[in-house]
Amino acid sequence: CTDFLAGRIVKAPNHDKTITAADDPTLFSLNLWGAKRFLRVDVGPPDATVGVWIIDPPHDATPKGTVLVLHGFGDRAFWMLGKAKTLAAHGYRAVLVAFRGYSTSSGQYRTFGVVERRDLSQVVDRLESENLLAGKLGVWGMSYGAAVAIQFAGHDERVAAVVAVAPFSTLRSVLPHFGRVTVPVVGWLLSDKDFDHLLDQAGKIASFDPDEADAITGMKNTRAPVLLMHGTTDLLVPFHHSQTLIKHGNEHSKLSPVHLAGHVGIWADLTNQVADESRAWFNQWLSEAGGQK
């Protein structure tokens with residue numbers, strides 16, 4: 001079962017699907033989402049196209065900054081729409097990105113940030129070329145998207161601030177626990193060494209080095225302040241991943257525990273702690289009055 005299980009790790013939801021401009025959202029759909037515009041961005045290698053929704057502040061207000069909004073491993077971009085609209089309501093141009101192989105984006109494999117961080121640089125290049133990059137650049141990510149956000153910040157100096165909600169520290173360290181929780185019985189029968197072997201095989205299938213899916217390196221390399229938010233009772237990606245990450249952050253980075261929240265609970269954000277702290281973080285670091293480039 002090695003190839004089957006390894007394939008399950010890296011095969012994106014749109015694996016073996018043909019995605020074309022015909023899959024782009026209609027004007028009705030854009031209006032329903034509250035989006036100003038949809039872009040299809042060519043990225044690669046390997047070649048793919050990435051779908052991007054642009055959601056602006058109300059009443060044509062000048063954006064205070066631009067924030068990329070990144071979804072999780074099992075999500076579609078739609079599930080981050082509420083997060084994007086909240087940021088837009090508070091004055092930011094929110095750019096909702098569907099990772100390669102998800103939603104309206106083409107692509108065969110997910111690589112947990114190794115290829116995706118380069119894709120995001122190409123998305124920002126496109127925004128710049130069309131004068132859509134307003135102010136400083138921030139990134140908001142959830143789970144898989146949070147780990148990619150940190151890696152992207154370490155890869156691209158244009159990132160001025162990051163909010164990472166429930167990120168993993170490295171793909172190799174999170175996979176055994178994640179596999180045992182999400183694939184019971186089969187996962188319980190596999191040793192850590194078995195998971196390492198599966199991950200090595202997954203890397204061969206998707207043509208990437210799994211050891212480069214490493215948010216710790218992103219924390220070390222970025223000059224951007226990173227706000228880590230993590231539920232203390234997260235059963236999918238345990239709290240200790242953010243505790244590890246903050247040890248490698250710069251002096252402006254911060255870990256904010258969300259007490260008694262799990263992985264789904266922190267996404268639901270019933271107390272608004274995540275929304276309130278995210279907004280304050282971007283106000284601090286993306287504003288012209290304060291923060292660093």
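In the predicted model, histidine 15 counts as buried, at 16% relative accessibility. The cut-off for this class is a relative accessible area under 20%. Histidine 15 is placed in the loop that runs between α1 (2-10) and α2 (27-33). When residues up to four places away in sequence are left out, histidine 15 touches Gly107, Gln108 and Tyr109.

The protein as a whole contains 11 helices and eight strands. For 293 residues, a compact globule would have a radius of gyration near 19 Å, and the 18 Å of the protein agrees with this. The C-alpha trace spans about 55 × 45 × 35 Å along its principal axes. Buried residues make up 54% of the 293 residues. Among contacts with a separation of 6 or more, 75% are between residues 24 or more positions apart. The accessible surface amounts to about 12,800 Å², and carbon and sulfur atoms account for 55% of that surface.

Helix α3 covers residues 81-89, and its buried residues include Leu81, Lys83, Ala84, Leu87 and Ala88. These residues lie on the same side of α3, because they cover an arc of only 165 degrees around the axis. In general, an α-helix has 3.6 residues a turn, so residues three or four places apart point the same way. Just after α3, glycine 91 takes a positive phi, of about 105 degrees.

One joins glycine 44 and proline 45, with omega of about 5 degrees. The other runs from proline 45 to proline 46, with omega near -15 degrees. Proline 45 is in the loop between β1 (37-43) and β2 (48-55), and proline 46 is also placed in the loop between β1 and β2.

Positive phi values also occur at residues other than glycine. Histidine 59 has a phi of about 60 degrees, a positive value, although histidine 59 is not a glycine. This residue is found in the loop between β2 and β3 (66-70). With a relative accessible area of 79%, histidine 59 is exposed; the exposed class begins over 50%. Phenylalanine 112 likewise has a positive phi, near 60 degrees. Phenylalanine 112 is located in the loop between β4 (93-97) and α4 (116-129). At 6% relative accessibility, phenylalanine 112 counts as buried.

Aspartate 211 belongs to the loop between α7 (192-206) and α8 (215-221). Its relative accessible area is 45%, and aspartate 211 is therefore partly exposed. In sequence, aspartate 211 and threonine 170 are 41 residues apart; in space, their C-alpha atoms are 7.6 Å apart.

Definitions and conventions: Residues are numbered from 1 along each chain as its sequence is written. This is a predicted model: local features need pLDDT of at least 70, side-chain atom pairs count only at pLDDT 80 or more; totals for chains, interfaces and linings use all residues. Side-chain values use heavy atoms; hydrogens and water are left out. Helices (H or I, at least four residues) and strands (E, at least two) are DSSP runs, numbered from the N terminus. The radius of gyration is taken over C-alpha atoms; the globule rule is 2.2 Å times the number of residues to the power 0.38. Buried means under 20% relative accessible area, exposed over 50%, partly exposed in between (1.4 Å probe, protein chains only). Contact means heavy atoms within 4.5 Å. Accessible areas come from the Shrake-Rupley method with a 1.4 Å probe; for residues, only the protein chains shown count as cover. The arc is that of the directions from the helix axis to the C-beta atoms.
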